[in-house]
Amino acid sequence: MKLGITGCGMIVHDLFRFIHDVKGVELEAIASIPAEYETVQTLASENGIKKSYQCYEDMLKDEDVEVIYLGVPNHLHYQMTKAALNAGKHVICEKPFTSHVEELKELYKLAKENELLLLEAISTQYLPNTLKIKELLNEVGNVKIVVANYSQYSSRYNAFKEGKILPAFDYTKSGGALMDLNIYNIHLMVALFGKPLTVQYQANIEKGIDTSGIITLDYGSFKAVCVGAKDCKAPIATNIQGDKACIHISTPANGLRGFELLKNDGTSEEYDLQGDTHRMSYEFVEFVKMIENKDYQRAEEMMEKSLIAMEIATKARQSAGVVFSADENWK
């Protein structure tokens, strides 16, 4: 696939750590805003990208670009994805897919009408260790309690406390702990268990944004808790507790570097199907397959997971009273 990259932030730099090793990817172009054009040119030169643009709209006019990868701030996902779809491009959009679930529904409809693939770059859904855990759920027995904690103190929180509002803590830019960190926990729950019956979010809110919070998901026969924090830290851990065993994960849900199956009889087993492979490489291998083969069925299966995750995120925010600027369009 001939890829056009948008943005030059941290996630785009992360992309260049592995993308050269993914077969089937041609780095056709990269674009950002005029103020960042010097950085864009440097990234293009360092990574063998054929063209650089200082305007997103100009890259969308490039007929050689088949697929757009969006690595831009959260609040821009909807409008930039819509523009790419209207330009006839397939789209890979970084998590969280959109600010509101209704935005995603609209984009999905547009993609289908134009026979284009719309994919969320969410590593959790594609990790071999995630898929292995799903296989092993029978070993756990009847699931009773799930607790996922992704708490990571943000250096930006220091600036936030001093009155400097950066995108990560800006409700006008769809920031906050839920959309930054807890979204990975949400996707892990969706990957393993699907759609919950109810969603509730209790959040610590400062200046209109959730700096940390606890999502409770009711799955009927068991309950799940997702903790995400940017204003404090704790050992990162996820435990899936059943009446026969517990699956213990000691790394974030976006990387999931191995896990343990702790059985009630005192025995245990360790698993890691990923080694040192970059966490994002698995999703891009799958993206290449879907786009090259025009595998709309597989893309729809993944879209269903994204829709559930975005519905959870939207309901969670609403229950806690966290309002984004994007919400004004969906009252």
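A residue counts as buried when its relative accessible area is under 20%. The exercises below apply this cut-off and other simple criteria to a predicted model.

**Exercise 1. Arg317**

Determine in which helix Arg317 is found, whether Arg317 is buried or exposed, and which residues Arg317 touches.

Solution. 
- Step 1. Arg317 belongs to helix H10, which covers residues 296-320.
- Step 2. The relative accessible area of Arg317 is 1%. The cut-off for a buried residue is under 20%, and Arg317 is therefore buried.
- Step 3. With residues up to four places away in sequence not counted, Arg317 touches Ser99, His100, Leu178, Tyr201, Val322, Val323, Phe324 and Asp327.
- Step 4. As for the helix that holds Arg317, H10 lies across S8 and S9 and runs at about 55 degrees to S8.

**Exercise 2. The six-stranded sheet**

Describe the order and pairing of the open sheet of six strands, and locate helix H2 relative to this sheet.

Solution. 
- Step 1. The strands follow the order S3-S2-S1-S4-S5-S6, and their pairing is parallel.
- Step 2. Strand S3 (51-53) and strand S6 (118-121) are the edge strands, each of which pairs on one side only.
- Step 3. From one strand to the next, the twist averages 20 degrees.
- Step 4. Within the sheet, strand S1 (residues 2-6) and strand S4 (residues 67-70) run parallel and are joined by four bridges. Thr6 has Leu70 of S4 as its bridge partner.
- Step 5. Helix H2 (residues 37-47) packs on the sheet, where it touches strand S2 (26-31) and S3. The direction of H2 makes about 170 degrees with that of S3.
- Step 6. Val40 is found in helix H2. Its relative accessible area is 0%, and Val40 is therefore buried. Apart from residues up to four places away in sequence, Val40 touches Cys8, Ile30, Ala31, Ser32, Ser52 and Tyr53.

**Exercise 3. Helices H4 and H5**

Solution. 
- Step 1. The axes of helix H4 (residues 77-86) and helix H5 (residues 101-113) come within 10 Å and cross at roughly 10 degrees.
- Step 2. The buried residues in H4 are His77, Tyr78, Met80, Thr81, Ala84 and Leu85. Among the elements that cover them are S1, helix H3 (56-60), S4, strand S5 (90-94), H5 and S6.
- Step 3. After H4 comes Gly88, which has a positive phi near 85 degrees.

**Exercise 4. Strand S10 and the eight-stranded sheet**

Give the order of the sheet of eight strands, identify its edges, and explain why S10 is largely enclosed.

Solution. 
- Step 1. The open sheet has the order S8-S9-S10-S7-S11-S12-S13-S14, with mixed pairing.
- Step 2. Strand S8 (198-206) and strand S14 (268-271) each have a single partner strand, so one side of each lacks a neighbour in the sheet.
- Step 3. The twist from one strand to the next averages 10 degrees.
- Step 4. S10 runs parallel to strand S7 (residues 143-151), to which seven bridges join it. Tyr150 has Gly228 of S10 as its bridge partner.
- Step 5. With strand S9 (residues 209-218), S10 pairs in the antiparallel sense over seven bridges. Asp218 stands opposite Lys223, and Thr216 stands opposite Val225.
- Step 6. S9 and S10 form a hairpin with four residues between them, and Gly220 in the turn has a positive phi of about 85 degrees.
- Step 7. In strand S10 (residues 223-229), five of the seven residues are buried, which means that the rest of the structure largely encloses this strand.

**Exercise 5. The nonpolar core**

State how many residues the largest nonpolar core has, and list the contacts of Ile247.

Solution. 
- Step 1. The largest nonpolar core has 113 residues. Those with the most contacts inside the core are Ile5, Tyr69, Ile92, Met189, Phe193, Ile247 and Phe284.
- Step 2. Leaving aside neighbours within four places in sequence, the contacts of Ile247 are Ile133, Leu136, Leu137, Val140, Thr238, Asn239, Ile240, Phe259, Glu260 and Leu261.

Notes: Residues are numbered from 1 along each chain as its sequence is written. This is a predicted model: local features need pLDDT of at least 70, side-chain atom pairs count only at pLDDT 80 or more; totals for chains, interfaces and linings use all residues. Side-chain values use heavy atoms; hydrogens and water are left out. Axes are lines fitted to C-alpha atoms, for helices over the stretch in contact, and angles run from 0 to 180 degrees between N-to-C directions. Helices (H or I, at least four residues) and strands (E, at least two) are DSSP runs, numbered from the N terminus. A nonpolar core is a set of buried Ala, Val, Leu, Ile, Met, Phe, Trp, Tyr and Cys residues joined through side-chain atoms within 4.5 Å. Buried means under 20% relative accessible area, exposed over 50%, partly exposed in between (1.4 Å probe, protein chains only). Contact means heavy atoms within 4.5 Å. Two strands pair if DSSP finds at least two bridges between them.
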